[in-house]
Amino acid sequence: MKWLRQASIGILAAVLCATFVPAAHAARILSVGVAYDTGGPGDHSYNDAVAAGIAEAKKLNVISVRATVTVGSESDRELRIRSLIKKGCDLVIVVGGDYATAVKILAKGNPTRQFAIVNDATVNLRNVESLVFSERQGGYLAGVAAALMSKTGKIGLIGTKGQVKDSRTGFISGARSTKKSIVIQTRYRKQLWGTLATSMIADGVDVIFLTTTGSDAEVFTAVTSANTHGKNVGLIGIEPDQYLTLVASARKYILASVVKRADRVVVDAITKAVAGQTLKDALDPLTGAHGRRYGIADGGIEISLWAATIAKYNQAINAAALKAGEL
């Protein structure tokens, strides 16, 4: 797929790759509406991932698709979803948590229509499926890769406090399962992102796991600067949360990226809907949200190895995936 780097490896492919079976002889053609986030397809992020999933779903199922793109305001998001409802869409898929408020309002007012929200689990209505990912499993894989690649024995995580708990837990667990003596730093946004990265590097950290959303060019700039001044520092990121492929200057310093297969979960949701089924796993007892949390076992989480120097650890990372899949 164009939105993913070609060198992406499939962890335990025979076990983990999800299989989607087209529904046979559906009584009627399912009408699918998709409300993309700001910018729409072409963003190298969730919009592209969802668009790839829609394209694959059309190959596997007899469906019709209507799409719209928000300009970003709350009122416009609601307007976009309303337009898809008026067009008779049976399943409305929205991209990202910024649609959550609008979905709450419109799903409650349209109880017979099905909705799905990608990468958000805050809506607790029976006709809303939350399609989310196991941050802990992704963090575990990142921790294993970081520990394997570190020469100094010091690795770090940069993220937004309050949003990175599961990633951090997985990262620490994965790193320490690989190298017990590893030193792990975690830094949160109290300063500029680049300042945090520079401080870590000064402390001897040589592999940084970046869990923030967006390209965060400040971190990439700090890593690039460190390497041009004789240090050997690498990055592990998350796709499609970050626009890694857009940062040409830092590309050669990206060791790996955890991949959330948003395309795959969209195919799953559509195929279930065609078959008259929904995703009803309990996700969060506090919010009451349901849907599915995708991980390694169902192909929702993978790791893409960017650097040739990390490819030799393929077998070790595959072994780690078995442990991560149990988290």
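Author: Trp-193, Gly-194, Ala-197, Thr-198 and Ile-201 in H7 meet Glu-218, Val-219, Ala-222, Val-223 and Ala-226 in H8, where contact means heavy atoms within 4.5 Å. By class, these residues divide into seven nonpolar, two polar and one charged; Ala, Val, Leu, Ile, Met, Phe, Trp, Tyr, Cys and Pro count as nonpolar, Asp, Glu, Lys and Arg as charged, and the others, Gly among them, as polar. The model is predicted: local features need pLDDT of at least 70 and side-chain atom pairs count only at pLDDT 80 or more, whereas totals for chains, interfaces and linings use all residues. Residues are numbered from 1 along each chain as its sequence is written, and side-chain values use heavy atoms, with hydrogens and water left out.

The geometry of this pair can be stated briefly. Two packed helices are described by the angle between their axes and the distance between the axes. Helix H7 (residues 193-202) packs against helix H8 (residues 217-228) at an angle of about 35 degrees, with the axes 7 Å apart. Axes are lines fitted to C-alpha atoms, for helices over the stretch in contact, and angles run from 0 to 180 degrees between N-to-C directions. The helices (H or I, at least four residues) and strands (E, at least two) are DSSP runs, numbered from the N terminus. H7 passes H8 in a right-handed crossing; a crossing is right-handed if the near helix is turned clockwise from the far one by less than a right angle, and left-handed if anticlockwise.

Toward helix H11 (residues 314-324), the axis of H5 comes within 10 Å, and the two cross at roughly 150 degrees. H5 and H11 are therefore roughly antiparallel to each other; angles under 35 degrees count as roughly parallel, over 145 as roughly antiparallel, 65 to 115 as roughly perpendicular and the rest as oblique. H5 passes H11 in a right-handed crossing. Gln-137, Tyr-140, Leu-141, Val-144, Ala-145 and Leu-148 of H5 make the contact with Ala-316, Ile-317, Ala-320, Ala-321, Lys-323 and Ala-324 of H11. The residues there comprise 10 nonpolar, one polar and one charged.

Seven of them form an open sheet of mixed pairing, in the order S3-S2-S4-S5-S6-S13-S12; two strands pair if DSSP finds at least two bridges between them. Strand S3 (63-69) and strand S12 (281-284) are the edges, each pairing on one side only. From one strand to the next, the twist averages 30 degrees. S12 is joined by three bridges to strand S13 (residues 289-294), and the two run antiparallel, with Asp-284 opposite Ala-289 in S13. Helix H2 (residues 46-60) lies across strand S2 (30-36), S3, strand S4 (91-95), strand S5 (114-118) and strand S6 (128-133), at about 170 degrees to S2.

Strand S11 (254-260) pairs with two partners. Five bridges join S11 to S10 in the parallel sense, and Leu-235 stands opposite Ile-254. S11 also pairs with strand S14 (residues 301-305), antiparallel and over five bridges, with Val-259 opposite Glu-302. Seven of the seven residues of S11 are buried; buried means under 20% relative accessible area, exposed over 50% and partly exposed in between (1.4 Å probe, protein chains only).

The peptide bond from Glu-239 to Pro-240 is cis, with omega near 0 degrees, and Pro-240 lies in the loop between strand S10 (234-239) and S11. His-44, in the loop between S2 and H2, has a positive phi of about 60 degrees although it is not a glycine, and is partly exposed at 33% relative accessible area. Asn-119, in the loop between S5 and S6, likewise has a positive phi, of about 70 degrees, without being a glycine; Asn-119 is partly exposed at 27%.

Overall, the protein has 11 helices and 14 strands, and 55% of its 327 residues count as buried.
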